[in-house]
Amino acid sequence: MSYIEMNKEAWEEAFNNRINGWGDAVVENLQASSAYYIQPALQAELDQLNLAGKHVAQFCCSNGRELLSICRHYGAVGTGFDIAENLIAQGQMHAKQLHVPCSFLAMNILDIGSEYHQKFDVILFTIGAITWFQDVNALFQVVSDCLKPKGIMLLHDFHPLMNMLPLPGEECYCDDAVRLLEHKYFTEEPWIENNGMGYISGDYASKTFTSFSHSISELVNSTIQSGMSVKLLNEYDYDIGLSDVYDAMGLPLSMLLMAEKV
């Protein structure tokens with residue numbers, strides 16, 4: 001079984017073990033505020049793209065909450081892709097309840113077919129998406145294939161430096177040495193985890209999650225080699241989903257990359 005197939009099983013198991021009704025409040029939250037699930041740094045860039053009527057795709061969309069938020073807020077049409085079938089089913093249900101023009105498909109991003117080539121104006125990755133792919137070149141080539149000419153890729157994620165920092169719950173984490181760089185920046189060794197997906201399920205003895213570290217140079221070079229030009233690369237001193245213990249310490253903790261298909 002490939003690491004992608006194993007990740008599929010692990011994600012679906014985590015959703016089946018979700019706690020505190022995870023995902024159940026999406027419709028209510030978006031009815032109260034259309035931009036509820038859009039991070040401020042990402043929203044600042046989306047505001048400039050005139051998305052009304054445009055076709056936006058999100059790769060690794062989870063339960064679709066961010067894509068639904070974008071489509072509802074900007075009047076865009078959305079297509080979300082994720083490998084976990086039960087996460088996708090929740091997104092489909094919420095799209096119907098919200099009457100938002102979003103479709104959701106359960107599939108491996110690397111297997112997206114030619115029927116989606118040159119279909120999207122914008123393709124979006126948000127926090128924790130690209131880490132599930134070993135080969136960023138292959139991933140970004142799919143992005144380039146699926147973008148219309150002059151289409152935009154947006155990547156808003158944790159900064160690769162975050163992979164070097166010990167996080168609360170790790171044995172090497174210490175409150176008195178929070179600037180310690182514990183892990184390697186350049187590494188081909190995968191992260192292997194068997195304790196659930198905390199923000200969805202809490203901790204439990206789970207099926208195996210396998211993810212990978214990617215450097216800034218790997219992300220930029222893969223973008224260029226896939227037929228896109230980098231238009232923007234911002235770094236921020238705050239985290240957007242892993243932990244806030246290092247916020248405002250002068251460390252690059254999150255990033256936003258924008259590229260245009262040549």
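**Cavities and salt bridges**

Analyst: Start inside. The largest cavity is lined by 13 residues, and I130, D157, F158, P160 and H214 lie nearest its centre. Keep in mind that this is a predicted model.

User: What volume does the largest cavity have?

Analyst: The structure holds two cavities of 30 Å³ or more. The volume of the largest is about 90 Å³.

User: Which strand gives the largest share of the lining of the largest cavity?

Analyst: The lining has 13 residues. Seven are nonpolar, five polar and one charged. The largest share is three residues, and they come from strand β5 (residues 147-158).

User: How do the residues lining the second largest cavity divide into nonpolar, polar and charged?

Analyst: This cavity has a volume of about 40 Å³. Its lining is made up of Y37, I38, Q39, L42, E66, T126, I127, H156 and I240. They divide into five nonpolar, three polar and one charged.

User: Now the charges. How far apart are the closest N and O atoms of D121 and K148?

Analyst: Side chains of opposite charge can pair when their charged atoms come close. The structure holds six salt bridges. D121 and K148 form one of them, with their closest N and O atoms 3.3 Å apart.

User: Is D121 buried or exposed?

Analyst: Buried means under 20% relative accessible area. The value for D121 is 18%, so D121 is buried.

User: Which parts does the salt bridge between E260 and K150 tie together, and how many residues apart are they?

Analyst: The closest N and O atoms of E260 and K150 are 4.0 Å apart. E260 lies in strand β9 (residues 254-261) and K150 in strand β5, so the bridge ties together parts of the sequence separated by 110 residues.

User: Which strand holds K231, another salt-bridge partner of E260?

Analyst: E260 also forms a salt bridge with K231, with the closest N and O atoms 4.0 Å apart. This pair links distant parts of the chain, 29 residues apart. E260 is in strand β9, and K231 is in strand β8 (residues 228-236).

Technical notes
Residues are numbered from 1 along each chain as its sequence is written. This is a predicted model: local features need pLDDT of at least 70, side-chain atom pairs count only at pLDDT 80 or more; totals for chains, interfaces and linings use all residues. Side-chain values use heavy atoms; hydrogens and water are left out. On a 1 Å grid over the protein atoms alone, a cavity is a set of points where a 1.4 Å probe fits but cannot get out, and a pocket is an open set with protein on both sides within 12 Å along at least five of seven lines; lining residues have an atom within 4 Å of a point. Grid points are joined across faces, edges and corners, and a volume is the space filled by probe spheres set on the points. Helices (H or I, at least four residues) and strands (E, at least two) are DSSP runs, numbered from the N terminus. Ala, Val, Leu, Ile, Met, Phe, Trp, Tyr, Cys and Pro count as nonpolar, Asp, Glu, Lys and Arg as charged, and the others, Gly among them, as polar. A salt bridge is a side-chain nitrogen of Lys or Arg within 4 Å of a carboxyl oxygen of Asp or Glu. Buried means under 20% relative accessible area, exposed over 50%, partly exposed in between (1.4 Å probe, protein chains only).
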